[in-house]
Amino acid sequence: MVVVKKSINFIAVLVLALFSMFSYGDEIQHKPGNKVDTAEEINDYIAHHLKDSHDFHFYTHNESGTHYSFPLPVIVWTSNGLKTFMSSEFHHDDAGKVIVEKGDVKLVKLHSKIYELESGASTINFDEHHHATNAHKVLDFSITKSVFGMLLAGILMLLGFGALARGYKKGKMIPKGFSRVLEPLVIYVRDEIAKPNIGEKKYRKFMGFLLTVFFFIWILNLLGLTPLGFNVTGQIAVTACLAIFTVVIYMFSGSKDFWAHTLWMPGVPYILRPILAVIELVGFVVIKPFSLLIRLFANITAGHFVVMSLIALAITLKVSFGPVVSTGMSLVLSLFIMVIEILVAFLQAFIFTMLSSLFIGMAVEEHDDHH
Amino acid sequence: MYNLIGAGLIVIGGGIGLGQIGGKAMEGIARQPEAAGKIQTAMIIIGALLEGLAFGALILGK
Amino acid sequence: MDQLLHDFSPGLFFMQAIILLILIVLMRKFAWKPILDSLQTREDGIQNALDAAEKAKLEMQNLQADNQKLLQEARAEREDMLKEAREMKNKMIEDAKSEAEGQANKMIAQAQAAIEGEKKAALAELKNQVAGISLEIAEKVMRTELSNKDKQLQLVETMLAEKSLN
């Protein structure tokens, strides 16, 4: 039984890894217009992938340049109010060439960001650093690929765990089918992450946040490894939001002891106390959330970067080693990194939840000993 | 250029730190195999903190 | 850092905050609360069942000990009763034996006495008869003897001789 399970897992991992690899490979080889061949083009392509995007791009046919993608709605807050339209109006342009006019505002898309042209301008101008001179960014509430990914993860979670919850409601105490996989995960988060760090008495209140964040991050990390090309947890805005949620939660649930120890540390000379308070406050408000958000962002970004670079070996080394050797090399290396990335996907979700609960545990802890 | 040197220094420091953590954790597990779970969790947390530090420095220097 | 700040999208941040908030609320209501409650109930149930089993085991042990005690008592009682009965039996046998012996002795004594009496009576009668018979014999002898003078004298002579010998 265990052997069967293990081999099924292994095959699933293998299939997932291979699938994503080919898909990344395809994406790289079928850049719209011209082929991606040189190192700079590959770098550009990877940088483009790491960013959020306004349409869901699958594939571009090489010769004809036809795009196979579906557009996502763009919702922007411009100087003239809220504007909504489909991203297909940009016609896959990402260099600020296609201008979409909505009422009296002119919008362009430049490096996956939407800019509004200043009044009177008819084309976008750049300075020597390729920064737009006559356009500014707008508040972009679009359903981008990342938002789409989040919604997808949310729906998956609601479906999966909703089914588990309904299974219990029917009076059956033992879950069936896929819920059987989910239940031990919930128990794992409760018993290995929340209880030891927050404490038996107070953990219940934070379970909603911890469980949601754990599965949200994990599912999004895994979605990032699929051929769909999501990079949600590699968006700094997403990780920043998650970290700020953690800060808000532990700041608002801090016990009296926590504040006493943070702001006026007992048992320390009076002169040192304000200094300590500043250090502690900065630690709790800035450093801890910053390390949380940077860790998740950097790990996922680095993972995507490494996987895509290794896949790109097939192209970059083709000249020196020939197509067979370079493809084989990139296949083996990226398969290896892909398996590690699957581990990292779990590990980062675990670490984020673990550290969140550790910080919450620090905040809600009540000291019995007065030292 | 200086960025790259800085990044290299960060990676060296982080590598030494991670090596220390991992090595000591291994020693600990070898000495007390029954405490392996606890040691692993503590190791991962410390590793994560170190990682946060190193990534923070890398990002700030970028 | 500049690059990061440039990449940071406030809109995405806002969307993420909204989605996460809604997701946390929905998941709490529809998933985590029922799941955690059910897990708690199940674990409590298991704990209770284990406790109950432990208690039942203890009770069983107590009961068994009680039973053992009762059995022991009953066995002791039976033993006692048997012993008593045996003693009684022995006593009865003993009593009966001694009584029978006494009776027998008495009877024997009586019988002996009776036999003695009978014997005496028989002897007395025998004596009487012997005396009578002797007398008759003597009479007859006398008659025959006295019919002859010589013989009478001879007799007297012998008798006298005998007497003198005595």
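How much area do chain B and chain A bury between them, and what share of it lies on carbon and sulfur atoms? In this predicted model, the two chains bury about 1000 Å² between them, and 84% of that area is on carbon and sulfur atoms. On the side of chain B, I44(B), I45(B) and F55(B) together supply 39% of the area that chain B buries against chain A, which is more than any other three residues supply.

The table sets out how many residues each chain brings to the contact.

| Chain | Residues in the contact |
|---|---|
| Chain B | 10 residues |
| Chain A | 14 residues |

The residues on the side of chain B that touches chain A divide into six nonpolar, three polar and one charged. Across the interface of the two chains there are also two residue pairs in polar contact, both at pLDDT 80 or more.

Chain A itself is divided into domain 1, covering residues 73-142, and domain 2, covering residues 146-364. The C-alpha centres of these two domains of chain A lie 33 Å apart.

A further feature of chain A is a pair of strands, in which β3(A), residues 73-78, runs antiparallel to β4(A), residues 81-86, with six bridges joining them. A hairpin leads from β3(A) to β4(A) through two residues, and the bridge partner of T78(A) in β4(A) is G81(A).

Conventions. Residues numbered from 1 in each chain as written. Chains lettered and ligands numbered in written order. Predicted model: local features only at pLDDT ≥ 70, side-chain atom pairs only at ≥ 80, totals over all residues. Heavy atoms only, no water. Domains from an automatic or database assignment. Contact = heavy atoms within 4.5 Å. Buried area = accessible area lost by both parts, 1.4 Å probe. Polar contact = N/O pair within 3.5 Å; in protein donor to acceptor, adjacent residues only side chain to side chain. Nonpolar A, V, L, I, M, F, W, Y, C, P; charged D, E, K, R; others polar. Pairing = 2+ DSSP bridges. Helix = DSSP H or I, 4+ residues; strand = E, 2+ residues; numbered from the N terminus.
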